[in-house]
Amino acid sequence: MKRIKILEQSNFNEAVNFVKHPAKVALAIVKDNKGKFNMITLEWFMRTSLNPPMFAISIGHSRYSYQCLQDFRYFNLCIPSKEMVEEVKLCGTKSGRDIDKLEVTGLDWLKGRLAQLPVLKDGVANFECEITTQVKSGDHTIFVGEVKHSWLGEK
Ligand SMILES: Cc1cc2nc3c(=O)[nH]c(=O)nc-3n(C[C@H](O)[C@H](O)[C@H](O)COP(=O)(O)O)c2cc1C
């Protein structure tokens, strides 16, 4: 049977709804210039190299985490467990300008080996990354980090 395909031109906002949101989420843990840690929920992240292993994260210029990443060139990328839904929501809706998200969530962590950023114990996996490149992409900047240490959670 012949399928009838209707293709109609749409505006970007309508069409982009068909990219499932959120496809996957992660938390990036960063540090500000006073030494306070911050966590941001991210949907826009991906692997960008096998060897060396690298991840890219795209951070909006209005985010507190963007300021942190300008000053401190490391981030930990945590793949959250299913049990971390509430923490992921909080880190995606509140800013580190107003609250200490690590304290408010009460998440358990240990000091990472690379830059002593928190490695979240409840995460399925954590990747300690050092920023090697950054590229401005409209109102976001893509920070590319080389993975230096990887951690596996219990789940
Ligand atoms: C599911 C979800 C995905 C998100 N993905 C991103 C992202 O990829 N990049 C980004 O800059 N902000 C993203 N955000 C928004 C930030 O997490 C949010 O603005 C956060 O409060 C910023 O915190 P900060 O000001 O402490 O950096 C996302 C939020 C949610 C809820």
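**Close-up 1. Ser65 in its helix.** Ser65 belongs to helix H2, which spans residues 64-71, in this predicted model. With a relative accessible area of 1%, Ser65 is buried, because the limit for a buried residue is under 20%. Beyond its neighbours within four places in sequence, Ser65 makes contact with Val30, Asn38, Ile40 and Ile59.

**Close-up 2. Surroundings of the ligand.** The ligand is surrounded by 21 residues. Asn38, Gly60, Ser65, Ser95 and Gly96 are the closest of these.

Close-up 3. A polar side-chain atom of Ser65 is placed 2.6 Å from an oxygen atom of the ligand. An oxygen atom of the ligand also lies 2.9 Å from a backbone N or O atom of Lys94. For Glu43, a polar backbone atom is found 2.9 Å from a nitrogen atom of the ligand. On its own the ligand has 650 Å² of accessible area, of which the protein covers 83%.

**Close-up 4. Strand S5 and its pairing with S1 and S8.** Strand S5 comprises residues 74-79 and pairs with strand S1, residues 26-31, in the antiparallel sense over 3 bridges. Within this pairing, Leu77 of S5 stands opposite Ala28. S5 also pairs in the antiparallel sense with strand S8, residues 125-137, over 6 bridges. Here the bridge partner of Ile79 is Ala125 in S8.

Key
Residues are numbered from 1 along each chain as its sequence is written. This is a predicted model: local features need pLDDT of at least 70, side-chain atom pairs count only at pLDDT 80 or more; totals for chains, interfaces and linings use all residues. Side-chain values use heavy atoms; hydrogens and water are left out. Two strands pair if DSSP finds at least two bridges between them. Helices (H or I, at least four residues) and strands (E, at least two) are DSSP runs, numbered from the N terminus. Buried means under 20% relative accessible area, exposed over 50%, partly exposed in between (1.4 Å probe, protein chains only). Contact means heavy atoms within 4.5 Å. A residue is near a molecule or strand if one of its heavy atoms lies within 4 Å of it. A polar contact is a pair of N or O atoms within 3.5 Å; within protein, one must be able to donate a hydrogen and the other to accept it, and residues adjacent in sequence count only if both atoms are side-chain atoms. Accessible areas come from the Shrake-Rupley method with a 1.4 Å probe; for residues, only the protein chains shown count as cover.
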